[in-house]
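Please keep the sequence and the structure in view while reading.

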Amino acid sequence: MIDFSPVIAHVDMDAFFAAVEMRNNPHLKGKPVIVGGGIGPRGVVSTCSYEARKYGVHSGMSAVQARKLCPHGIFISAGLKGYVYASAYLQKIFELYSPRVQPISIDEAFLDISGADRLYDGPVELIQKMKNEIWEKMKLTCSVGIAPTRYLAKLASGINKPNGLTIMNQDRFKEIFYPKPVDALWGVGESTKKTLAQKNILTVKDLAATDSKILKRIFGKNGDTLSIMSRGTDNGQVMRYEDMPHDKSMSHETTLREDIYDPTIIKAILLWLSDKVARRMRRHGYIGRTVSVKIRSSDFKTITRAHTLNKPTDRCDEIYQNAVKLVPKEYGMKYKVRLLGVRASQLKKIKSSSGNEINSDLTSQYELIIDNSDEKYNKLTGAMDDIRDKYGEHIIKLAGSMR
């Protein structure tokens, strides 16, 4: 019985990457399949089959640890192209059942199914029909949570996996989650749990009973979020992609296969990362004003440095030149580097997904300060983007980059 409104569904595909691999390779069915972004010593598990989970393997675990726990597991390097295609196909199915779909990752989405009883017998019947269609067309299963808020729907979808369907209102949330430790909440990690434990806040019920002002003193603005999460009272709406606020930043980072000290290699990787950031910005029609780098040394010390430009850009060379200047000289020379990242922020969207200008004032200002060299560079970059769109990202590599 659903006695709340709005009615929000959270769809979570079951072990998505592993499920796609097993569907495409039937001999893998029933076996511990572990999918990662790399199966070497620095690899990390992206997802794994439920057979692998029985051995304690989970997402985010290092490949080394996964091999120790499940030495007979079948390790597969992630082939993102196939997963992206499956995700896009899922999105089309979701849109058949709701005019308002908000994808939150490659294998998860929120659907606003308020008013489902106009076309179906009710929300449960709608979701069951959608689950059946996903299975019939894609041979994949999903778990779904139905609730009055996005946050509760997200929690509900994880209760009965795989292939589950769970309805959870506020009373049911309190009944299930209040006795649980605080990290049962989506978004509460080990660090937050430890800090809360120091204040003798151990369970979700303890957290919900804590004054939000106290949480704000401890966690800053995140204290308010924690309070809302513990009460299950968020009022955020399901937003379609085209209705979402513009991205505030874009970044890429990489954990290196081995710690490096050679400044030439560090620069080469920064060029590769800058190219990826700039390419992504152009693809989505953004220019950015602030460039940042993230560096993690071999002893896991992480620093970030940022610089704000005189004019916004989507050019790889400008992002790269500033990124190189931001890396302290002692990194590489004195400290080995384990991770590098490049980020562009203070973004402004100047083109729509169809390529049309959407911010004429800003674009005009931008155009006033470009010179002929910009024009030549933009033509060159546009040609490179066209070739990459047609033949793939790896068809063109910048001289000096490492990947």
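In this predicted model, Lys-139 counts as partly exposed, with a relative accessibility of 45%. The value falls in this class because partly exposed residues are those between the limit for buried, under 20%, and the limit for exposed, over 50%. Lys-139 belongs to the loop that connects helix H5 (123-138) with S7. Its backbone deserves attention: phi is positive, about 55°, although the residue is not a glycine. Most residues other than glycine have a negative phi, and most peptide bonds are trans.

Ala-15 also has a positive phi, of about 45°, without being a glycine. Is Ala-15 buried or partly exposed? With a relative accessibility of 6%, Ala-15 counts as buried. This residue is located in the loop between S1 and helix H1 (16-24).

Two peptide bonds may be considered next. The bond that joins Ser-5 and Pro-6 is cis, and its omega is about 0°. Pro-6 is part of the segment before S1. Another cis bond leads from Lys-161 to Pro-162, where omega is near -5°. Pro-162 is found in the loop between H6 and S8.

The chain as a whole can now be described. It has 403 residues, and 44% of them count as buried. Within it there are 16 helices and 13 strands. Its accessible surface comes to about 22100 Å², with 51% belonging to carbon and sulfur atoms. Among the contacts with a separation of 6 or more, 62% are between residues 24 or more positions apart.

Strands of a sheet pair through backbone hydrogen bonds, either parallel or antiparallel.

S10 is mostly covered, since nine of its twelve residues are buried. Which strand forms a hairpin with S10? The hairpin is formed by S10 and S11, with four residues between them. In the turn, Phe-300 has a positive phi of about 70°. S10 and strand S11 (residues 302-313) run antiparallel and are joined by eight bridges, and Gly-288 stands opposite Thr-313 in S11.

S10 also pairs with strand S12 (residues 337-345), in the antiparallel sense and over eight bridges. Here Lys-294 stands opposite Gly-341 in S12. With S13, the pairing of S10 is antiparallel over two bridges, and Tyr-286 faces Lys-349 of S13.

The loop between strand S13 (348-349) and helix H15 (360-368) contains Lys-351. This residue is partly exposed, with a relative accessible area of 38%. Along the chain, Lys-351 and Arg-282 are 69 residues apart, and their C-alpha atoms are separated by 8.8 Å.

Finally, the packing of helices may be examined. Two packed helices are described by the angle between their axes and the distance between the axes. For helix H10 (residues 212-219) and helix H11 (residues 222-231), the axes come within 7 Å and cross at roughly 135°. H10 is therefore oblique to H11. Their crossing is right-handed. Ser-212, Leu-215, Lys-216 and Phe-219 of H10 make the contact with Asn-222, Gly-223, Asp-224, Leu-226 and Ser-227 of H11.

H10 also meets helix H8 (residues 190-198): the two axes come within 12 Å and cross at roughly 120°. H8 and H10 are likewise described as oblique to each other, and their crossing is right-handed. On the side of H8, Thr-192, Thr-195 and Leu-196 take part, and they meet Leu-215, Ile-218 and Phe-219 in H10.

How values were computed: Residues are numbered from 1 along each chain as its sequence is written. This is a predicted model: local features need pLDDT of at least 70, side-chain atom pairs count only at pLDDT 80 or more; totals for chains, interfaces and linings use all residues. Side-chain values use heavy atoms; hydrogens and water are left out. Buried means under 20% relative accessible area, exposed over 50%, partly exposed in between (1.4 Å probe, protein chains only). Contact means heavy atoms within 4.5 Å. Accessible areas come from the Shrake-Rupley method with a 1.4 Å probe; for residues, only the protein chains shown count as cover. Axes are lines fitted to C-alpha atoms, for helices over the stretch in contact, and angles run from 0 to 180 degrees between N-to-C directions. Angles under 35 degrees count as roughly parallel, over 145 as roughly antiparallel, 65 to 115 as roughly perpendicular and the rest as oblique. A crossing is left-handed if the near helix is turned anticlockwise from the far one by less than a right angle, and right-handed if clockwise. Two strands pair if DSSP finds at least two bridges between them.
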